[in-house]
Amino acid sequence: MTRRIAFPVAILIVALILASCEATPTPSPGVSGAASGSPAEATPVPTPAPPPPGGRLALVSGRGELICGINGGLPGFSFLDQATGENTGFDADFCRAVAAAVLGDPEAVEFRATTADQRSTALQSGEIDVLIRNTTWTVTRDTSWGLFAPTTFYDGQGMMVREADDITSLEDLEGATICVQSGTTTELNLADQMRALGVGFTPSVFDNIEQTYATYDEGNCDAVTSDRSQLVSQRTTMSDPSEHVILEVVMSKEPLGPVVPLGDDAWFNIVKWVVFATIEAEEQGITSDNVEEMRDTSENPVVRRLLGTEGELGIGLGLQNDWVVDVILAVGNYGEIYDRNLGPGTDFDLERGPNSLWTEGGLLYAPPYR
Amino acid sequence: MTPTGSASHERHAPVPPWRDVRVLRVAGQVIVVLAVVLFLGFLATNLTSAMSARGLSFGFDFLDQTAGFEIGESPVPYDATDTYGEAYVVGLLNTLFVSVVGIVLATILGVLVGIARLSPNWLLSRVAAAYVELIRNTPLLVQLFFLFAILLSLPRVADTIALPGSVYLNQRGLFVPGPQPQATLALWLGLIGFGVVLAITASVVAGRRAAAGRPTHRLAWLGLLALLALAVIGWIVLAPMRFDLPVRGRFNFQGGLALSSGFTALLAGLVIYTAAFIAEVVRGGIQAVRRGQLEAARALGLSEGQTLRLVIFPQALRIIVPPLTSQYLNLVKNSSLAIAVGYPDLFKVGTTMANQTGQPVPVIVLVMGTYLTLSLITSLLMNLYNRRIQVLER
């Protein structure tokens with residue numbers, strides 16, 4: 001019997017070898033030098049990846065859907081509303097804006113909730129098209145995770161404590177237990193700030209957002225630290241929001257914005273200009289109510305170029321010429337997006353602060369669309 | 001008598017190589033090895049080309065960079081200015097600590113439950129069965145969250161339960177006095193050793209005198225008394241151990257030993273979960289011992305306890321040890337769920353490193369390599385033990 005099965009098995013194995021020889025990929029020409037033989041050297045400068053054939057724009061258009069990485073558990077920014085099954089929030093609306101620009105349909109989005117730990121690999125592997133997940137822009141992330149589109153929300157790191165504990169500054173937290181999420185700049189900034197002040201503390205680190213705040217709420221931590229916007233948002237989920245107060249300290253700069261995978265300039269430009277378009281629209285007074293009217297009747301050359309009535313600027317990006325109209329109709333200008341999700345009518349009532357237009361003393365400044 | 005088909009008379013025509021079984025066997029193995037090597041080579045090339053296409057590099061230089069993050073519990077001194085490598089070692093020590101303690105406790109509990117399941121006492125065996133069935137069939141992560149929630153519901157720090165002996169219990173953990181060995185500890189231990197030798201000598205001499213029929217003058221008891229006296233006087237005079245009492249600070253207890261709620265939840269979860277599986281392994285081992293052994297032991301007049309301890313269990317052990325090794329490995333690997341309860345183990349440090357450095361692949365390789373090493377060491381030790389207890393029945 002050995003003779004009878006050995007021969008066909010040998011044939012099968014030879015066939016497998018031949019098949020695997022065919023499948024061995026030749027490294028793409030631009031990076032053949034980097035691929036061979038230097039695994040143990042010092043970290044080389046990352047070479048931009050060759051984008052998927054035709055670029056990510058073609059990939060998304062072909063797929064007909066934008067895959068957008070979000071938080072999913074942060075009310076006001078990206079939150080899965082249990083009642084309606086919709087993802088609502090500031091970040092979620094920017095996902096819809098990109099979808100409206102590229103596909104013409106703001107609802108053609110697949111929202112993927114990721115934890116702080118998972119978001120980097122999701123981006124690096126190209127699994128998601130864009131990450132809009134309250135992600136802080138840092139140099140390490142710019143070089144290793146992906147390219148950062150303009151900041152949509154200028155934030156800072158803060159500390160939330162219980163009012164009854166009578167804490168007014170970071171020094172009062174000597175010996176305290178502080179809840180924080182893993183894989184965030186928050187974790188690093190906390191260590192830095194407390195070390196600079198010479199304050200000893202014990203971190204309590206969790207990998208998901210719900211567990212972090214639930215543990216703080218239960219009393220296991222004396223304080224919880226994160227971006228101030230996140231603290232405001234999560235305070236509404238506490239069992240007794242009035243018990244908690246956010247300290248006036250700002251521990252770091254946290255510019256939050258969308259991130260796209262490395263190596264695709266055309267896609268990066270598109271996401272970048274979607275953000276700028278919403279800011280420019282607010283500066284020009286274009287809202288979702290009057291955008292169509294302004295497209296048809298405005299005589300202002302800036303507005304005409306922005307809305308595609310004049311010039312071929314949209315085509316240059318690879319989109320429809322009047323893509324800005326689609327975006328504004330879908331989600332509104334920056335001010336509308338902000339007010340709808342974080343403004344006076346919501347539970348958060350966050351002041352615009354640095355998130356106002358440059359003409360009003362804030363940091364939002366869009367380059368000229370021409 | 002004509003020999004039929006006798007090979008010594010006829011010369012067979014030489015068998016062609018493609019039908020010769022010996023050649024085919026060797027060729028088959030060579031081809032399989034080649035195929036596996038080529039396949040692994042394909043995977044490696046694919047990985048390196050895909051990684052460099054995305055601008056990721058493979059190297060372990062990040063281990064020398066500053067970590068920048070704090071670790072909540074650490075058996076060795078650590079702070080944010082140490083390197084990633086040192087942070088990783090802290091995580092490894094935490095994992096080792098919870099794994100070793102978990103293995104010991106899980107074995108004890110598992111053996112007890114396994115034996116209880118075979119008890120003639122109806123209530124005991126049913127309770128043990130219910131425990132095993134419930135715990136085995138629910139996911140470990142869910143059990144961890146459950147235990148953590150229970151521990152969180154203990155009183156807050158402000159309402160700490162104070163137990164006698166300077167022990168404090170609250171939702172953040174159990175705080176006990178921490179032993180701090182002083183310089184004189186070695187001396188005291190030496191004294192104890194001397195006392196033990198004295199006591200053993202005394203009892204041996206007493207035994208000999210008793211066997212010879214001479215009066216022992218209670219030598220054995222005197223020996224024991226001498227040991228006790230040495231221990232007590234040595235303790236008072238030398239003061240070999242100081243205790244660091246936990247003191248209530250503004251937020252937490254400072255000093256002393258702390259068993260945090262995260263560690264306790266993880267340990268309890270792992271022990272309860274793995275003990276359920278170990279109980280089944282033990283039960284299987286005991287039931288596999290031939291019934292004749294049990295009957296012979298009973299016929300000799302051994303009690304139930306003696307039968308179990310002296311006859312059944314040593315034989316059952318030969319069957320129990322290999323699956324027990326698997327359960328220990330499971331426990332070590334399941335300890336990576338520590339992040340769910342906030343305990344900083346090696347997996348947590350690894351994922352933080354992967355995120356902060358932006359190099360997930362080398363970190364994953366490192367983490368996998370570490371777990372592999374831990375598992376191989378555990379199974380090596382268990383296999384050595386297994387070989388010792390394998391009594392050859394030939």
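Let's begin with two strands of chain A: β1(A) and β6(A), the latter covering residues 130-136, run parallel and are joined by two bridges. Keep in mind that this is a predicted model.

- Why is β1(A) described as largely enclosed by the rest of the structure? Strand β1(A) spans residues 66-70, and four of these five residues are buried, so the rest of the structure largely encloses it.

**A three-stranded sheet in chain A**

- An open sheet in chain A has three strands in the order β2-β3-β4, and its pairing is antiparallel.
- The edges are β2 (73-74) and β4 (87-88) of chain A, each with a single partner strand, so one side of each has no neighbour in the sheet.
- Two bridges link β2(A) with β3(A), residues 78-80, in the antiparallel sense.
- Here you can find G73(A) opposite F79(A), which belongs to β3(A).

**The nonpolar cores**

- Which residues have the most contacts inside the largest nonpolar core? They are C95(A) and V98(A), in a core of 148 residues.
- Helix α7 of chain B, residues 261-288, gives the most to this core, with 16 residues.
- Beyond its neighbours within four places in sequence, V98(A) is in contact with L66(A), V130(A), V271(A) and V274(A).
- There is also a second, separate core of six residues, and L174(B), F175(B), F253(B) and A258(B) are among them.
- In soluble globular proteins generally, nonpolar side chains tend to be buried together.

**A four-stranded sheet in chain B**

- Chain B holds an open sheet of four strands, ordered β1-β2-β3-β8, with antiparallel pairing.
- At its edges stand β1 (161-163) and β8 (257-260) of chain B; each has a single partner strand, so one side of each is left without a neighbour in the sheet.
- On average, neighbouring strands of this sheet are turned by 15° against each other, ignoring direction.
- β1(B) and β2(B), the latter covering residues 167-170, pair in the antiparallel sense over three bridges.
- The bridge partner of L163(B) in β2(B) is V167(B).
- Helix α7(B) lies across β3 (173-176) and β8 of chain B, and runs at about 60° to β8(B).

**Domains of chain B**

- Chain B is divided into domain 1, made up of 84-154 + 258-389, and domain 2, made up of 181-241.
- The centres of these two domains of chain B, taken over C-alpha atoms, are separated by 38 Å.

**Chain A as a whole, and the model's confidence**

- Chain A has 370 residues, of which 48% count as buried.
- For contacts in chain A between residues at least 6 apart in sequence, 71% join residues at least 24 apart.
- The average pLDDT of chain A is 85, and 86% of its residues score at least 70.
- Where does pLDDT stay under 50 in chain A? This happens over residues 22-49, for which the model has 44 contacts beyond four places in sequence.

Note on methods. Residues are numbered from 1 along each chain as its sequence is written. Chains are lettered from A and ligands numbered from 1 in the order in which they are written. This is a predicted model: local features need pLDDT of at least 70, side-chain atom pairs count only at pLDDT 80 or more; totals for chains, interfaces and linings use all residues. Two strands pair if DSSP finds at least two bridges between them. Domain bounds come from an automatic or database domain assignment. A residue is buried if 20 or more other C-beta atoms lie within 10 Å of its own, exposed if 12 or fewer, and partly exposed in between; C-beta atoms are placed from the backbone. A nonpolar core is a set of buried Ala, Val, Leu, Ile, Met, Phe, Trp, Tyr and Cys residues joined through C-beta atoms within 7 Å. Two residues are in contact if their C-beta atoms, placed from the backbone, lie within 7 Å. pLDDT is the predictor's confidence in each residue, from 0 to 100. Axes are lines fitted to C-alpha atoms, for helices over the stretch in contact, and angles run from 0 to 180 degrees between N-to-C directions.
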